[in-house]
Structure formats: C-alpha cells, structure tokens
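Dear colleague,

I am handing over the structure we spoke about, with the sequence alongside. Please open both before reading the notes that follow.

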Amino acid sequence: MENTKITGIHYASRKPVRLELDRGRITAVEELGPVPLAGDGKSEQLPVVAPGLVELQINGYKGIDLNAPGLSVEQVLQFSRNLLATGVCSYYPTLITGDPDKISASVAAIARARQEDAVSAAMIKGIHLEGPFICGEDGPRGAHPKAWVRKPDPSLVDHWQEEAKGDIQILTLAPELPGSIDLIRKCVDMGITVSIGHTSADTDSIRAAVEAGARLSTHLGNGCHGMLPRHPNYIWDQLAETELYASMIGDGYHLPVSVLKVFYQVKQQKAILISDAMTYAGMEPGAYESPAIGKVVLTPEGKLHMAGRPKTLAGSASSLIMGVRHMSRIIGFTKAWDMGSLNPSRLMMGEKPMGLQAGAAADLVLLEPEKSPSKIREVVLEGKRV
Ligand SMILES: [Zn+2]
C-alpha cells in the first residue's frame, strides 16, 4: 500500500501533528506549527486523531449474538464491520459459559473469519473465553447459565485452543476453584492472558492467582454478590493487587460514578473500559424479545432493562465509545480514551509500539474537533480509510 499522510490534532497533546503511514503502520509522527489557514481565511477544521479503540470484551452487537448456536463466518465478518464503524479497531470476541461443543463451533467460526477476511484478521486480536470455570453461586455467576459452569479442565482448554487455531488469548476464571491455579500457570505458558472474574475468591486465592500470572480483573464490581463483607472482600483484594489491570463497564448503569472514579484512581494506566455489550447494543431503542432472558427494553440512553422492571439490567447495550463518553465526563477525554485504547493495548501487547507512535499499527479514529470529542469522522484500519 502506498504511503499516506494524515494531519490532525493529537488527541492527548492537542497539538497539530502529521502522521505518516506505510504498509499498515505509523512510520513517523511530526509535530506541526500553527494550523495553516484554508483559502477562505478560516482555520481548517482538522480532526482530532486518536488511536483506534480496543475492545477486550464483547458478546454481541447490532443484532448479532456471538454466543448464539450456529455462529457463522459471515456473521463474524459483519460483526467486525459493524464494530469498526464505532471506532473499534481491535477486539476480542467473547464467548461465555455454555455447551462445550457450541464453544468449539464458535471459536472455529471466529478463527475461520480471521483466515478468510482481511478486516476481521486485522481487528480480531484473539478470543476471550469468559468461563466456564467460574463460581456457580447466584451473584458471582451473573447471567452465565448454571448448567454449564464447571471445574477447571485443562484438557478442555487444549481442545478449544486447537479448534481456535491458537486464537484464544484471554481466559476469565474464578481462582478459588480446585485446579484453577494450575490452569492459570498452564494458560500463561500457552500465552493466554488470565483474568479473574465471576469469582467469590478470598484474599489468598486472589494472591495465588496473581503469583501464578493472572493479570486482569474482568468487569470489576459486576458479576458479584449483592452484599459483601465490608472487608476483606474480593473487590478490595483485586484493587490492592498492583499487577492486576481492571476492566470495567463504563456505560453509566453497571457502576456508579463514584466507583468508576475510585477504580480509575487506583488502577490509572491499568484501568480498562469494556462494553461487555450484547446483541441489542447498536440497535434502535424499543422493546425486544430475547430468546435467552425474555422481554427487554432498550432506552434511547442505551440502558437495557427487563420489561416492566427498569431497575433490573438485562446486560450491557452500550458501545465502547459510549462508555468513553461517559468516562470523559468523570476523568476527562484523554484519560477516558486511553482507558479504551492504550491501556488494553498495554495489557495485551506489553512493550510493543502502540497508540500514536512510530511503529504502531495505523489504527486510527478521526474525531470531530470538540472540547470532548465523541463524534467519529473517519476510521483508519491498518492505514486504510474505511
Ligand atoms: Zn461477565
């Protein structure tokens, strides 16, 4: 692909910059002087340039349910494109606790989509298996079907990883289960990032999980008991582990502002926004009939609740950029954008170049220039405008 240049306002420094892109990567970032005037004497409305969003946890979007039986390659391709339009350039399709054969078929469909489609290959960085080795109790189990919750089984991970052609990159598990710590070690050896979630672990189990190599907390503060002892409890224990990143659902409904604020202040560059969105995200507001949970209502604000019970959430229906918007009002735009882009990249890529850096993938979101930008003008995936 030929060399391309993109001029815009750097999302963090707020200074004009020119990015040179070549063969899908950023090759140079040059700071410019004052923005040149356009012919009519007005300043050109340069877009704000930000790194593409990175979604670590998403189950469905715009009518496509990644967890539905019979997931097809075509659905995954459509899913990638739908998500790209929202500024997400990398994602980890997330499969929850379910029939092991269904999980096998779904990971195989996702792996095939990566092989057959350049857009999906660029966007899907790996599969997130959320379960089935989680706590079976009501509360921590969340909406995961009890019938398929099971004890850690390393041979099952091997089997799924084979079906997935090595694409499984994140495993969420409960560390207190017998065999969990050994499974964490094994996954780390396989290059899988292990996350603590849907758990009722005590302090020692969380410590042991981190020592074995767990590096993330899955939607911290959700998938929990309604009532917890004031201390110790598994939320404090995970906050206290400095090596753990924490993902959080920033839609404005799953966690109160004070909790998001505290989680951010504790985790800082290890704080990650996820949408954890399901099928109804991205759809028109209205009433829907979910095959899994019954009648639900999606409000214009993006809240999904059970019909007739506006206080009972029926999952997340906000996209990642909606979470960034909500979080921007709490901690400011740049930090909120980083929670949805740089921070998850840092967890998954370590020291490799990322963000608006030479050497990083040319995955960019061009936003309308505003104080707190949130409207997408254009998305660039591996150097190509889409
Ligand atoms: Zn969950």
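**What was found**

Thr7 stands opposite Arg18 in β2, and this belongs to the antiparallel pairing of strand β1 (residues 4-10) with strand β2 (residues 16-22), which runs over six bridges. Strands here are DSSP runs of E with at least two residues, helices are runs of H or I with at least four, and both are numbered from the N terminus; two strands pair if DSSP finds at least two bridges between them. Please keep in mind that this is a predicted model, in which local features need pLDDT of at least 70 and side-chain atom pairs count only at pLDDT 80 or more, while totals for chains, interfaces and linings use all residues. Residues are numbered from 1 along each chain as its sequence is written, and side-chain values use heavy atoms, with hydrogens and water left out.

**Sheets and domains**

β1 and β2 belong to an open sheet of seven strands with mixed pairing, in the order β3-β2-β1-β4-β19-β20-β21. Its edge strands, β3 (25-31) and β21 (384-385), each pair on one side only. In the loop between β20 (376-381) and β21 sits Glu382, whose phi is near 45 degrees, a positive value in a residue other than glycine.

An open sheet of eight strands, with parallel pairing, has the order β5-β8-β9-β10-β11-β12-β13-β14. Here β5 (53-58) and β14 (271-274) stand at the edges with a single partner strand each, so one side of each is left without a neighbour in the sheet. β5 and β8 pair in the parallel sense over four bridges, and the bridge partner of Glu55 in β8 is Tyr91.

The domain assignment, whose bounds come from an automatic or database source, gives domain 1 (4-49 + 357-385) and domain 2 (53-349). The centres of domain 1 and domain 2, taken over C-alpha atoms, are separated by 30 Å, and 15 residues of domain 1 are in contact with 19 residues of domain 2, where contact means heavy atoms within 4.5 Å.

**Core and aromatic pairs**

A nonpolar core is taken as a set of buried Ala, Val, Leu, Ile, Met, Phe, Trp, Tyr and Cys residues joined through side-chain atoms within 4.5 Å; buried means under 20% relative accessible area, exposed over 50%, and partly exposed in between, with a 1.4 Å probe and protein chains only. The largest such core has 105 residues, of which Tyr91, Phe133, Met248, Met327, Trp337 and Leu364 touch the most other members. Helix α9 (residues 320-331) gives the largest share of this core, six residues. Domain 1 and domain 2 both give residues to this core, so it lies between them. Another core, of eleven residues, lies apart from it and includes Leu216, Tyr245, Ile249 and Ile272.

There are four aromatic pairs in the structure, a pair being rings of Phe, Tyr and Trp (its six-membered ring) with centres within 6.5 Å, where planes under 30 degrees apart count as stacked, over 60 as edge-to-face and the rest as tilted. The rings of Phe79 and Tyr91 have centres 5.6 Å apart and planes at 45 degrees, so this pair is tilted. Phe79 lies in helix α1 (residues 73-84) and Tyr91 in strand β8 (residues 88-96), twelve residues apart, and both residues are buried. Phe133 and Trp160 form a tilted pair as well, at 6.3 Å centre to centre and 35 degrees between the planes.

**Zinc site and backbone**

The protein donors of the zinc ion are Glu130 (OE), His198 (NE2) and His219 (NE2), which lie 2.0 to 2.1 Å from it. Donors are N, O and S atoms within 2.8 Å of the metal (3.2 Å for Na, K and Ca), and since water is not among the atoms, sites may look incomplete. The donor residues are spaced E-x67-H-x20-H in sequence. Glu130 is in strand β9, whereas His198 is in the loop between β11 (193-196) and α6 (203-212), 68 residues apart. His198 counts as buried, at 5% relative accessibility, and has a positive phi of about 45 degrees although it is not a glycine.

Finally, two peptide bonds deserve a note: the bond from Gly131 to Pro132 is cis, with omega near 5 degrees, and the bond from His231 to Pro232 is cis, with omega near -5 degrees.

With best wishes
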